[in-house]
Amino acid sequence: MDLKAYLKERGGLVNQFLDEVIGRGSISPVDDAMRYSVMAGGKRLRPILLMAAADCVGGDGTRYLPVAAGLEMIHTYSLIHDDLPEMDNDDYRRGRLTNHKVFGHAMAVLAGDGLQSQAFEVMLGQTGVAPEKLIEVVKLVAHCAGPFGMDGGQALDITSEGKKLTLAQMQQLHEAKTGALFVASIRGGAILGGGSEEEIATLTKFARLFGLAFQITDDILDVEGDEAVMGKKAGMDALMNKSTYVTLFSLEKAKEMAKETLEEARRTLSPFGAKAEVLTAITEHLYNRKK
C-alpha cells in the first residue's frame, strides 16, 4: 500500500477538523497559544491509529474524527507541559520554538489545560455512536491520560531522574507515559468500529507492543537522531540523566529489542489478514522512523 499517501490523507482530515474546533472564540488570548502548538504539524499518529483500528474491525474510521481529534489534543497538551523547564526543558518542538518560549510559562500551562479540557468536550460531541459505547471510549481515554497512565508515567519520569532503573521499573514508566495513549487510540478505535471482544483484546495487545517499540525507537533517536529532521534537540535523555533502553542495555541491543518487539506486534495482527494492512504498514514504518 502507499502508506505515505494514506498518512497524508488521514492526517489531512484530522488537521481540517482540528482547525475548525481549536482555539476560536474563547474569552482570552489562550486561544492563540493552543492553536500555536496544535496546528504546528506533527504525525497525527494517535488519531490515525484510532481510525485504522476501527477500519481493521470492519468499521469506518473516518466517522470518528471527534474522538480521534480529542486524542491529538490530549497528546499536544502533554507535549506543551513536557517542554516546560520544570519537566523536560526543551526549547524546540516540531521544528519551532516551544510554547512557553513564545507565550511564557503561565500561558503555556493554561494552553495545555485548555486543550485537555476541550478534548473531552470535542470527544463527547461524537455522533453516530451508541451513548454507552462512546462513554466507554471516553472513560478509557481519561484513564489512559490520567494518573494511571500518561500523567502518572510523567510523574515517574520526573522522580526517576538521576536513578538507575531496573527493566521492570522502566517498563512500568513507559507503559504509562508513552504506551497508555496508544492503547487508548487503538483499543478505542476497535471499540468504536464494532470489534468483537476477541478482536478488541488482540488489538489491545498489539497496542501495548506498538507503544513499547515506539519508546525504544525514541530512546535510539535521542542518541543518533538528526535534530533537523526530528524538529527538537537530541541528547536530552543523557543531559537529564534518564534511564533509557540504550543506557540500560546498549545502542545495538536497543535496536535489536525494537526490531523483535515490532515483529511480535506484526505477528499479533495476523488473525486480521488483509484488514490489518494499514496497521502492519505503520508498524513497519515505525522501525525506520527518523522522528
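Reader: Is Glu-72 buried or exposed?

Author: Glu-72 is buried, with a relative accessible area of 1%. Buried means under 20% relative accessible area, exposed over 50%, and partly exposed in between (1.4 Å probe, protein chains only). The model is predicted, so local features need pLDDT of at least 70 and side-chain atom pairs pLDDT 80 or more, while totals for chains, interfaces and linings use all residues. Residues are numbered from 1 along each chain as its sequence is written, and side-chain values use heavy atoms, without hydrogens and water.

Reader: With which residue does Glu-72 form a salt bridge?

Author: Side chains of opposite charge can pair when their charged atoms come close. A salt bridge is a side-chain nitrogen of Lys or Arg within 4 Å of a carboxyl oxygen of Asp or Glu. Here Glu-72 pairs with Arg-94, their closest N and O atoms being 3.4 Å apart. The two lie 22 residues apart and link distant parts of the chain: Glu-72 in helix α4 (residues 65-82), Arg-94 in the loop between β1 (92-93) and β2 (96-97). Helices (H or I, at least four residues) and strands (E, at least two) are DSSP runs numbered from the N terminus. Arg-94 is partly exposed, at 22%.

Reader: How many salt bridges does the structure hold?

Author: The structure holds twelve. Among them, Arg-93 and Asp-83 meet at 2.7 Å, N to O. Arg-93 is in strand β1 and Asp-83 in the loop between α4 and β1, ten residues apart; both are buried. In another, Glu-224 and Lys-255 have their closest N and O atoms 3.2 Å apart. This pair joins helix α10 (residues 197-224) to helix α14 (residues 251-268). Glu-224 is partly exposed at 43% relative accessibility, and Lys-255 is partly exposed at 23%.

Reader: Which residues in α3 meet α15?

Author: Contact means heavy atoms within 4.5 Å. Leu-45, Ile-48, Leu-49, Ala-52, Ala-53 and Cys-56 in α3 meet Val-278, Leu-279 and Ile-282 in α15. The contact residues divide into nine nonpolar, no polar and no charged; Ala, Val, Leu, Ile, Met, Phe, Trp, Tyr, Cys and Pro count as nonpolar, Asp, Glu, Lys and Arg as charged, and the others, Gly among them, as polar.

Reader: Where is Val-102 found?

Author: Val-102 is found in helix α5 (residues 99-103). At 41% relative accessibility, Val-102 counts as partly exposed.
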